[in-house]
2 protein chains.
Amino acid sequence: MEKKRILVVDDEPDVTDLVAYHMGAKGFHVETVNDATASIAKARNYQPDLIILDIMMPHLSGMQICRILRADSRLAKVPILFLTAKAEPHDRIEGLKPGADDYVGKPFSPKELVLRAESILRRVAGPKESTSARLRIGDILLDSETHRVILRGVALELTATEFKLLRLMMERQGRVQTREHLLLNVWNYSTEIETRTVDTHVRRLREKPGPEARWIETIRGVGYRIADKKISA
Amino acid sequence: MEKKRILVVDDEPDVTDLVAYHMGAKGFHVETVNDATASIAKARNYQPDLIILDIMMPHLSGMQICRILRADSRLAKVPILFLTAKAEPHDRIEGLKPGADDYVGKPFSPKELVLRAESILRRVAGPKESTSARLRIGDILLDSETHRVILRGVALELTATEFKLLRLMMERQGRVQTREHLLLNVWNYSTEIETRTVDTHVRRLREKPGPEARWIETIRGVGYRIADKKISA
DNA sequence: AACCGGTGTAACGCGATTGTCACCTCAACA
DNA sequence: TGTTGAGGTGACAATCGCGTTACACCGGTT
């Protein structure tokens, strides 16, 4: 895979440097614009694979830039990763969905940012994983389209988070999922989420089918795994 | 599925390019005419699956082209997607209804245009799920031609929006519909429409049959779904 | 003008969901 | 068999999502 190009649009030199430093270290080619108004032109001839955009800039709203980018035929498909203030009202973040592919709330850890960026690039680049709508392991059946889960013929009522958690584990059938990995994919790797939260949700999942149904195994010191009866070593 | 053909009729090179770029990237085969008068001939031997037509052209009205196309036996059934100015008088937009399958108001986002075009092609091309104007789920009966809905033998009086909403959900029987998806297909993906509007309309739908008829299910944190009693593995 | 049906939006409130903590259990190991 | 730390469990407050109500607007009709 050739080197990925990332364009950072942010007027805070700190953030800009931080991104450049970390992503650069990870093998990305990073360019930076701290003048918001110049960002469009820059983007146009740089043709980045990803744009990291701060929506909290003093003069020109990142939101506006986003719209302009989206309206530009040559840039419309470039994924955008937003940097937002944590205090941002929830609905505003929702509101930027049409343009944004993901967002990271400030303050963020470099690690988080890098992970998210990589995740986006992976997703956009290769839709190789045909995550079929239907998954099945043993007597567990999960249908993403209807959002239904059936275990031993009994329908389970799962919340949104529980559903995502279970689906992730089923997609990686048999393999052990570390808490970190679960946090990264189910939650948006909000750095503020404790890893123990995963435990709680696993517990809630476990008790759904009623007692004495040990379908999610604990791998002590590592993580969790969906029990696959067929593999008995 | 073989490659879909799209014909763009517009005298503005900008728009033309934009469409070509995006749709082309999406795997469509796009041809373009910027001379309105030549469009009919072009259309006739190109035999496109979809025509995107600007009704705001200086010399020849897109409306006239539309009528001519409709009158041509070999093109009459080709769906037409109009590009209209946002400021367009309301009655004019209404006036083109008979010929148009959909329209997008300028300025539009590329994303919007592509989505609408795909939506049309999907609707026209893939009548895999009973194109028939009649849909039935459980004891709900919907007839697109007569524009009637009957639930448990009782006729429901639905407004236009309610009808479209219900039909979309019935077409996607069982599958969960996110608010975004509903907005996209029922409303004209006017980005200005709030997602909560969907809630309100779902509510209005719900109360039509009278109390205690939970036929539309809520999937918390995801969207809505028409109850389909059968749980099949 | 007054009215009215249809539609989109804002505000409020309640219950479900969720993240976190404190405490408990138990497996692993010496 | 005692120690230790990872993981289970129950409880709690904050938050979110959604139902619900009320209201403003817009076109069409009277």
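## Sheet and helix packing in a predicted model

In S8(B), B:Val149 is the bridge partner of B:Leu142. This is a predicted model, in which local features need pLDDT of at least 70 and side-chain atom pairs count only at pLDDT 80 or more, while totals for chains, interfaces and linings use all residues. Residues are numbered from 1 along each chain as its sequence is written, and side-chain values use heavy atoms, with hydrogens and water left out.

S7(B) and S8(B) pair in the antiparallel sense over 4 bridges; two strands pair if DSSP finds at least two bridges between them. Helices (H or I, at least four residues) and strands (E, at least two) are DSSP runs, numbered from the N terminus. The open sheet of 4 strands has the order S6-S7-S8-S9 in chain B, with antiparallel pairing. Its edge strands, S6 and S9 of chain B, each pair on one side only.

| Strand of chain B | Residues |
|---|---|
| S6 | 134–137 |
| S7 | 140–143 |
| S8 | 148–151 |
| S9 | 154–156 |

In chain A, the axes of helix H6 (residues 160–171) and helix H7 (residues 179–186) come within 10 Å and cross at roughly 125°. Axes are lines fitted to C-alpha atoms, for helices over the stretch in contact, and angles run from 0 to 180 degrees between N-to-C directions. A:Thr161, A:Lys164, A:Leu165, A:Leu168 and A:Met169 of H6(A) meet A:His181, A:Leu182, A:Asn185 and A:Val186 of H7(A), where contact means heavy atoms within 4.5 Å.

Conventions. Chains are lettered from A and ligands numbered from 1 in the order in which they are written.
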